[in-house]
Structures are given as C-alpha cells and as structure tokens.
Amino acid sequence: MTTPTTTFPLPRWHEGTTVIAPPEGRTGAWAGAPSAVRDGDTIYLAYRLRKPIGEGRGFVNVIARSDDGIDFSTVAELHRDAFGGESLERPALVRTPDGRWRVYVSVATPGTKHWRVDLLEADTPEGLATAPAVTVLPGDDTVGVKDPVVLFHDGGWHLWASCHPLETDEHADRMATWYASSPDGVTWTWRGTALTGRPGEWDARGVRVAAVLADGDELTVAYDGRATAQENWEERTGIARGTFGRLIADGVDPIESPHAPHGLRYLSVVPLDGGRSRIYYEGTRPDGAHELRTELV
C-alpha cells in the first residue's frame, strides 16, 4: 500500500490505542465517529455508540473529557429518542469564538433514508445534555444531510457535510461532500459540491470529508471513501487538497485497518503544542466491531 506524502497527521494502526470500545464484540456494533476539541490542557470528545440494524443502531452521542487524551469521563449524553430519530451518527463538537459550546447532531428520520442535522448550544459541555435542539440542515425529499465537519476560520463559519441522494433506496448509500458557509454557524448557505467520488477508484461510490486543516485559503482534508455499496460502513481514509469550495483527491492509496473488511474512517485531528497532533478515528477490529482509537502524531 502506498503511503501518502503529506504533512497531514495520518493513522498508523499499530501505534494506536483503544479509547472507547464498542457496545458489543460483533459486526454492526460501533464506537466511533469522533469529533475532538482541545480546551487548554483538556480534550473534549464527542462520539457515537451504535448497535446492529434492528437492535438500536446509533442510540447515543456521548460527550466526554480527558486530561491526557486517552482516558475519558462522560460529561453529557444525547439519546436518539430526544431527537425523535431512528439513529444518530457523527456529532460535530465546536467551541465558538465567544467561548460557548456547540454540538451538531446527525439524526435519521424514522422509516426513511433521510437524515438531518440539529444544533445544540450551551455555556459548558455538560450543559449540552439539556440544551434545546434546532434543525439547521434539514435536507429535503431529494437529499439527506449528515456527518458535518464545522470550522470557524478567518471570521466566518464553514461546513462540509455528507449528502445522500434519496431518489431510490437502492442508491441512497451514495454520498458526496457539499460545502456551506454561514455568518453565525446557525443559518447556512450551500455553496456547491466540494468533493465527489472518482469512477474506477477506491472512492468511486462516495466520499465524506472527515477532518479539515486550513492554511489561509488552502485546505488539506482527510476524507472517507468507498468503492461499492457493499463497502458501506467500512470506508477507508484518503487525503484531498484545494480551497473551501473545491477539493481534489491526492490519488494515493487509502489508509485502512489491518482487519477485514478494513474500515478506518471519521478521522478527527487535535493540534497540540510543538507541532504535534492527537488524532482520533473509528476502525474495524478482528471481530468485525468498530472501536474508537487515538494516536499521538
């Protein structure tokens, strides 16, 4: 497997540590979809727990804190029933410029393939547990919206979301990443498609931006991709570069778990002092379950 030539902090599975184990040790049970934020010497981590389809799916988003980036204690839980959803997916945890906390929650509409994104805001991470939810990315009859990555940069808010066409259930697993901007992080304007799959490549069936690093107007991103519908839920991680509205894949082989079917996805990057980073990601274990892992890069 080719190793990308990039300064982006990428996983090396055998150097990683398990942070959160899945609810069960079997296929369809997941701990992962992390979104991490540094606040001084503390790291806050939002993640999703999931059971197999028909047994609960994504039943809770958890927000936890850690002083070392490895051992976490729960400070808030967001349960799917509070959103009237069939499942929850990746949350996006954000610290606003004025010091408040936000979490963007991906919610599945019961009985459909549709997804929406709700926003909760509070003075503290603990307060998110009881904060009211406001739908900020509703999607519509033609598209489901989920798994946002949210960035405040250069005085403005930016968002990349996984968007799924809903014309037929057969094709609802397809995904592209759309880009949106906002003056306040609440009211969003779609600006177009930022990244799509490449025919004949490992990401042909769909792509989802997972982490964004900005240097001025130049972006380097990690993204999840899959080649076929059968690889749904087992995406691997690649790198793309570009600007806020348009990203182009590097064209190198993806990073993957050593355990079949090799899923490694939802990378989250926390910059640390001294040019280092702590990364979090979801990966496939030998028993087919997914665990949440971390590495110091």
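Strand 12 and strand 13 run antiparallel and are joined by seven bridges. They belong to an open sheet of four strands with the order 11-12-13-14 and antiparallel pairing. The model is a predicted one, in which local features need pLDDT of at least 70 and side-chain atom pairs count only at pLDDT 80 or more, whereas totals for chains, interfaces and linings use all residues. Residues are numbered from 1 along each chain as its sequence is written, and side-chain values use heavy atoms, with hydrogens and water left out.

**Terms**

- Strands (E, at least two residues) are DSSP runs numbered from the N terminus, and two of them pair if DSSP finds at least two bridges between them.
- Buried denotes under 20% relative accessible area, exposed over 50%, and partly exposed the range in between, with a 1.4 Å probe and protein chains only.

**Sheet arrangement**

- The order of the open sheet is 11-12-13-14.
- Strand 11 (143-153) and strand 14 (189-195) each have a single partner strand and stand at the edges, so one side of each lacks a neighbour in the sheet.
- On average, neighbouring strands of this sheet are turned by 30° against each other, direction ignored; the axes are lines fitted to C-alpha atoms, and angles run from 0 to 180 degrees between N-to-C directions.
- Strands of a sheet pair through backbone hydrogen bonds, either parallel or antiparallel.

- Strand 11 and strand 12 (residues 156-165) run antiparallel and are joined by nine bridges.
- Within this pair, V143 stands opposite P165 of strand 12, and C163 in strand 12 is the bridge partner of V145.
- Strand 13 (residues 176-182) pairs with strand 14 in the antiparallel sense over five bridges, and T177 stands opposite L195 in strand 14.

**Burial of strands 11 and 12**

- Strand 11 is mostly covered, with ten of its eleven residues buried.
- In strand 12, ten of its ten residues are buried.
- In a regular strand the side chains alternate between the two faces of the sheet.
- From strand 12, G156, H158, W160, S162 and H164 point one way, while W157, L159, A161, C163 and P165 point the other way, and all are buried.

- D147 is found in strand 11 and has a positive phi of about 55° although it is not a glycine.
- With 1% relative accessibility, D147 counts as buried.
- The hairpin of strand 11 and strand 12 has two residues between the strands, and D154 takes a positive phi near 55° there.

**Loop between strands 18 and 19**

- P261 is placed in the loop between strand 18 (247-249) and strand 19 (264-271).
- A260 and P261 are joined by a cis peptide bond, with omega about 0°.
- H262 lies in the loop between strand 18 and strand 19, and this residue, although not a glycine, has a positive phi of about 75°.
- H262 counts as partly exposed, at 27% relative accessibility.
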